[in-house]
Every structure is written in C-alpha cells, then in structure tokens.
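I opened my notebook for a first look at this structure.

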Amino acid sequence: MRRPFLRAAAHAAAALVLTAQTPPPPPAPAAAAGEPIVIGRSYLVPSAVLHGNRRINVYLPPHYGAPGRRFPILFLLDGGAQEDFHHITGLVAISSAYGTTEEMIVVGVEGVERRHDLTSPSSDPGDLKAAPTSGGAAAYRRFLVEELKPWVDARYGPSGRTALIGESLAGLFVVETALREPAAFDDYIAISPSLWWDRQALSREAGADLAGQRFEGRRLWLAIANEITLYPEMRQGMDRLVAALTATPKPGLKWSYTPFPGETHATVYHPAALAALRALYALPPPKPAP
C-alpha cells in the first residue's frame, strides 16, 4: 500500500535533482547605454569686464559650414540649459526645417545673477529691496558687445544679421539696449519686458532716447502678454513706449508691437518667440514649378 507513495516520492526527488542540475537561465542583457542627443556645445568664455567666466551654449544649424552660407545669429539672454536654450533652439530648428524661417545660429548666454546683470540702477525703494544687487546692465552689455560678439565671430565666421532676444527682465535689457545702444545688434526682440523697473523710467525716457540715436537698419519687435492684472505697471510702460515710437518716427527703424491677450507672463515666451522668428526671418514662399 505504500508503493504508490514511495513511487511518487521517488519521482519528486528525481525532479528536484534534475532541477538542481539544470543551469539557471542567463541574466537578461544589460540595457543599452544609448546615444546622447546633441543640440549644441557649451563653452566657458572668460570675461575681463565681468571678472570671471560665463557659460555660453551654441546651436549650429544643419547647413552650417556649407560654402558661401551665412546665418543670422540670435543672442539669447537667459540662455542656459536649465533656462530658455532648449525651447528657443527648438523653435529655430523646427521653423527652418519646414522652410518657414531662415536657419540661424543661437548663442545662449547662461544667467548668473539676472537681477544684477539685466537691470540698470534704480532709485525705487521697492526695486532695491527686491534686487539689492541690481544695476549691472552696463557692464553686462559691454561683455556682450566687446567680448562675446568677437568670440563668436572668431569661431563661426562672418554672420548675417545679429539679434538679441529676451523676456521679462531680459526683455527690459533688450529694450534698453535697442534705445540707448542700437548699434550693438541689428534686431531686438523684447517679450513682456519688465518696463515697471525704476518707476517705468525707461519708457518715460524713450522719446529722448529715440531722438538722440541713429537707428538705420535696426528692427525692434515688441510683444506683451495679458499683464494688466498681475503687472499693470508693465503694461503701462509698454503703452508709453509704443506711444513714443509712434510719436517719434526714426528713419531706418522698423518696429512692431504684438499683444498676446490670451497668454500670461508665464506662457507668452514660446508663442511670441515663434511669431517673432516668423516675422523677422521669414523665407519667401517657394516658386511654383514651371
């Protein structure tokens, strides 16, 4: 009566022996390391003006290096990898890939202390409380014009037009550069600029700045989000700037103003930058085939 049980036990023991003798399956192969996706190169550029190094990120278009080709250069404020470099280079890449805009070189200037670098001195107590180290715009502009632009020219050769783009405090810096040192760049793109700074001094002085400068061949592209609720002083400054531009026409200066009432200060940069690229660097439509 015990034989069936013994036979079953023997089979179980044999199965255990076979299992023990069977080598385990090989481990799954390690996940492939993959390949990096490269959209640009990063450099440390020494600056005597700023007493240190600044990180510069550079995007080159697909046809860079082709014989006889020259490309506009877009100098991007707040151009670090954790700032606006990726989304602005993405707009440049997709726009040129579909033939709607020119190919461009993008030079992103990574921010270090933007409330210092992007602002001129203010006499407003609120500004000084919020940004006690402010007031470095003049030195930062010297770095861009006297050191960074020659560095770019030496590495990437003669370019087409040069442009400066920024939003918020960087937009304030763009407008100030356009009004007070228009020869620094050819094109200026300022999106929701912080014209509230220093009790809106820049917009209040815009008429005098326009009257005292030469603007031949310069273009200024302005945009603003629906700032009237959160930043009414920003909208007031923009309205005053537009009024000064309208009242003081300058030969050779082309300017435009595009409100984005459906966008907020947090969402305006991407759609406005795309519109600016299409407006300033549009390619002509292809000719129909004969």
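**Ground rules.** I worked from a predicted model, where local features need pLDDT of at least 70, side-chain atom pairs count only at pLDDT 80 or more, and totals for chains, interfaces and linings use all residues. Residues are numbered from 1 along each chain as its sequence is written, and side-chain values use heavy atoms, with hydrogens and water left out.

**Entry 1: Thr89.** I found Thr89 in helix 2, residues 85-97 (helices are DSSP runs of H or I, at least four residues, and strands are runs of E, at least two, numbered from the N terminus). Thr89 counts as buried, at 4% relative accessibility (buried is under 20% relative accessible area, exposed over 50%, partly exposed in between, with a 1.4 Å probe and protein chains only). What does its side chain reach at 3.0 Å? I saw that it is the backbone oxygen of His86. A polar atom of the Thr89 side chain also lies 2.7 Å from the backbone oxygen of Phe85. Leaving out residues up to four places away in sequence, Thr89 touches Ile39, Tyr59 and Val106 (contact means heavy atoms within 4.5 Å).

**Entry 2: the cores.** I looked up the largest nonpolar core and found 51 residues (a core is a set of buried Ala, Val, Leu, Ile, Met, Phe, Trp, Tyr and Cys residues joined through side-chain atoms within 4.5 Å). Leu164 and Leu241 are among the residues with the most contacts inside it. A second, separate core has 26 residues, including Leu91 and Leu277.

**Entry 3: the rings.** How many aromatic pairs does the structure hold? I noted seven (rings of Phe, Tyr and Trp, the last by its six-membered ring, pair if their centres lie within 6.5 Å; planes under 30 degrees apart count as stacked, over 60 as edge-to-face and the rest as tilted). Tyr43 and Trp151 are edge-to-face, because their planes are at 70 degrees, with centres 5.2 Å apart. Tyr43 is in strand 1 (residues 41-47) and Trp151 in helix 5 (residues 137-156), so this pair ties together parts 108 residues apart in sequence. Tyr43 is partly exposed at 26%, whereas Trp151 is buried at 10%.

**Entry 4: a cluster and a charge.** I saw Phe75, Phe185 and Tyr188 form one aromatic cluster. The charged end of Lys149 sits over the Phe185 ring, 4.8 Å from its centre (this needs NZ of Lys or CZ of Arg within 6 Å of the ring centre and within 35 degrees of the ring normal).

Definitions and conventions. Polar contact = N/O pair within 3.5 Å; in protein donor to acceptor, adjacent residues only side chain to side chain.
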